[in-house]
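This report describes a single protein chain for a reader who is new to structural work. Please keep the sequence and the three-dimensional view at hand while reading.

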Amino acid sequence: MEQHAVEQHGKAEPAGLDVVVTTMASDSHTWNLVFLQLLLEELGHRVTNLGACVPDELLVAECRRIEPDLIVLSSVNGHGFHDGLRVIAALRARPELARTPTVIGGKLGIDGSGTPARQRTLLTAGFDGVFEEGGSVLEFQSFVGSLSAGSRALPAGSGALPARSGVLL
Ligand code: B12
């Protein structure tokens with residue numbers, strides 16, 4: 001299926017972040033992406049929303065092209081954990097995306113709000129934040145607030161999470 005990236009700039013401010021919002025290959029839900037786009041634009045950031053069912057190759061290619069300050073993966077169909085592990089490996093394999101702040105959130109499995117072990121696995125695989133159901137949006141907002149447009153990557157070795165990332169275990 002042909003994919004088209006939709007760029008919208010909303011209330012973007014010069015100091016705002018360039019953010020890629022996307023789901024992954026298996027997931028056809030879209031309102032989660034619309035919600036995240038509107039939230040981020042309301043916070044003053046520029047969003048490229050790649051839409052639903054994004055193949056891994058396209059996702060990586062668009063992130064390489066855009067060189068965003070933040071990549072936000074959202075999944076709600078229950079496959080997010082497995083899709084996320086595959087996609088973060090593909091992103092981190094690219095030198096230019098190896099340190100780009102990248103988070104995942106939504107309903108990542110079929111067992112409710114997730115487990116510390118699942119979050120830890122995702123963090124170990126390379127995510128900088130995991131935001132599953134239950135208060136995750138406020139924690140996500142704090143995480144985004146902790147990033148600045150100038151710092152295009154977290155410090156080296158930072159499997160380290162910003163203190164407010166909602167994944168402190
Ligand atoms: C509408 C819908 C569909 C529509 C989607 C249409 C569309 N264009 O989007 C259709 C009919 C296509 C569909 C299909 C399926 N669906 Co459906 N769907 C829903 C439904 C009813 C609403 C989803 C929605 O739009 N919510 C509104 C948005 C705004 O909310 P949200 O998606 O929950 O996102 C919020 C949070 O999760 C969070 N969030 C999400 N991502 C992220 C990321 C970050 C970083 C952060 C901070 C927060 C965050 O923020 C959002 C706002 O609070 C939900 C049930 C429900 N009530 O939630 C099921 C639901 C998501 N679907 C489900 C399932 C199983 C399926 C199917 C597998 C069903 C099937 N057997 O075919 C398929 C999967 C298709 C696919 N390939 O992905 C399950 C998922 C189970 C799970 N994860 O535990 C749900 C939860 C229903 C259920 N209770 O079982 N679905």
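The residues Gly80, Phe81, Asp83, Gly84, Val87, Ile88 and Leu91 of helix α3 are buried. Viewed down the axis of α3, these buried residues fall within an arc of 150°, so they line one face of the helix.

The model is a predicted one. In it, α3 covers residues 80-92, which makes 13 residues. From the first C-alpha to the last, α3 reaches 17 Å, close to the 18 Å expected at 1.5 Å a residue. Which elements do the buried residues of α3 pack against? They pack against helices α2 and α4 (116-125) and strands β4 and β5.

## The chain as a whole

The chain contains 5 helices and 6 strands. Along the sequence, these elements follow the pattern β-β-α-β-α-β-α-β-α-β-α. The chain has 169 residues, of which 40% count as buried.

Contacts can also be considered by separation along the sequence. Among the contacts in the chain with a separation of 6 or more, 78% are between residues 24 or more positions apart.

## Strand β2 and its partner

Is strand β2 enclosed or exposed? Of the 5 residues of β2 (residues 18-22), 4 are buried, so the strand is largely enclosed by the rest of the structure. Strands β2 and β3 run parallel and are joined by 4 bridges. Val19 has Val47 of β3 as its bridge partner.

Val54 and Met24 are 30 residues apart in sequence, yet their C-alpha atoms are 5.0 Å apart in space.

Cys53 is partly exposed, because 16 other C-beta atoms lie within 10 Å. Cys53 also has a positive phi of about 50°, although it is not a glycine.

Most residues other than glycine have a negative phi. Glu67 is not a glycine, but its phi is positive, near 50°. This residue, Glu67, lies in the loop between α2 and β4. Is Glu67 buried or exposed? Glu67 is exposed, because 12 other C-beta atoms lie within 10 Å and a residue with 12 or fewer is placed in that class.

## Around the ligand

How many residues surround the ligand? There are 24, and the closest are Trp31, Ser74, Gly105, Gly106 and Phe140. The elements that give two or more residues to this shell are α1 (31-42), β4 (70-75), β5 (102-106) and α5 (136-146). Helix α1 gives the most, with 4 residues.

The shell can also be sorted by residue class. It has 10 nonpolar, 11 polar and 3 charged residues.

Note on methods: Residues numbered from 1 in each chain as written. Predicted model: local features only at pLDDT ≥ 70, side-chain atom pairs only at ≥ 80, totals over all residues. Near = placed C-beta within 6 Å. Nonpolar A, V, L, I, M, F, W, Y, C, P; charged D, E, K, R; others polar. Buried ≥ 20, exposed ≤ 12 C-beta atoms within 10 Å, placed from the backbone. Expected span 1.5 Å × (residues − 1). Arc of directions from axis to C-beta. Contact = placed C-beta atoms within 7 Å. Pairing = 2+ DSSP bridges.
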